[in-house]
Amino acid sequence: LPSMLMFGVILASSGLLLMIEKGILAEVKPLQPAGREPSRRGHVEEAAGDLEDEVLRDVRNRTIRAVCGQRAMPRSVWELPAGQRRTVLRHLLVSDKYRFLYCYVPKVACSNWKRILKVLDGALESVDVKLKMDHKSDLVFLGDMKPDEISYRLKNYYKFLFVRNPMERLLSAYRNKFGEIKEYQQKYGVEIVRRYRKNGGNSAGDDVTFSEFLRYLLDEEAERMNEHWMPIYNLCQPCAVRYDFIGSYERLNADANYVLERVQSPSFVRFPERQSWYKPVTAETLHYYLCNTQRRLIKELLPKYILDFSLFAYPLPNITSEFCRQ
């Protein structure tokens, strides 16, 4: 995007967020997502009744319309460069039975959504089945279809994705991949340490620091990143694909149940409960990592994820001295 457009996006979304915080929009009647009806699961009324959430969704919708309405922005997946088109089509999962497309974003509960798709397709008996998630088998990817089949589904199916605070998502990916997954330690960790640490040639890749990880992201092209830390904008292309609903990780259960109701899934299908072993990124954890990282590093990284912050109405991270002293 041209620099002036980027500045306008940041300014507009930041101003709207400030208005929300100060209660200026308290009397504004927000746009209601289409099709809100009483739910068999009993959660949709709660989601619909949360004024702050509805205003925030309205901010997101208006910002996306403003940015995507610019002449230079893509209007369909066919206007995207080949590499970008491959990425988004590879991340759009298809349910022909329930006529929806879901753009999965790693580290935004995508494993649970994939589990739901397998249950809806009959490949899994229940979302509670205890097994390691296979992220490829028994799933239908839009990218595997013919162009006319792709166009039909993009035009006629219900489309949704879920988003998350960009810095929180990056921290979640860092802790998971470099703290627990040997494959990532060997494939990425060894190279990161070798590249950014003096005398780091003997590392097994399991001791990558958060600062080293962020330095690595700074040097990577967004379009070539691993999907676990690629910006959501690049993964799901919200200008080229007009999503009917954008849910958030912060309201995961309520938004997920709304989507399940909207696509008319069977009433026994519910969003899975969080696993007992899962250690979520808390506000305190994020505060600790951000405040123990060079501010310059975070500020230099923000432009790479600025569309995720702006389009999805997430505030930029607070790394002021006053905040970090708390």
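Select Cys68 and Cys239 and look at the S-S bond: the torsion about it is about -80 degrees, so this disulfide is left-handed. Keep in mind that this is a predicted model. The two sulfur atoms sit 2.0 Å apart. Cys68 is in helix α3, while Cys239 is in the loop between α10 and β4, so the pair ties together parts that are 171 residues apart in sequence.

Next, pick Cys103 and Cys236, another disulfide, with 2.0 Å from S to S. The torsion here is about -95 degrees, so this one is left-handed. Cys103 belongs to strand β2 and Cys236 to helix α10, so the link ties together parts that are 133 residues apart in sequence. Cys103 and Cys236 are buried.

Now go to Cys291 and Cys324, whose sulfur atoms are 2.1 Å apart in a disulfide. With -75 degrees about the S-S bond, this link is left-handed. Are these cysteines buried or partly exposed? Cys291 has 22% relative accessibility, so it counts as partly exposed, and Cys324, at 23%, counts as partly exposed. The structure holds three disulfides.

Zoom in on the contact, where residues including Leu171 and Tyr174 in α7 meet residues including Leu286 and Tyr289 in α12. By class, this contact has six nonpolar, one polar and two charged residues.

Conventions: Residues are numbered from 1 along each chain as its sequence is written. This is a predicted model: local features need pLDDT of at least 70, side-chain atom pairs count only at pLDDT 80 or more; totals for chains, interfaces and linings use all residues. Side-chain values use heavy atoms; hydrogens and water are left out. Contact means heavy atoms within 4.5 Å. Helices (H or I, at least four residues) and strands (E, at least two) are DSSP runs, numbered from the N terminus. Ala, Val, Leu, Ile, Met, Phe, Trp, Tyr, Cys and Pro count as nonpolar, Asp, Glu, Lys and Arg as charged, and the others, Gly among them, as polar. A disulfide is a pair of cysteine sulfur atoms within 2.5 Å. Buried means under 20% relative accessible area, exposed over 50%, partly exposed in between (1.4 Å probe, protein chains only).
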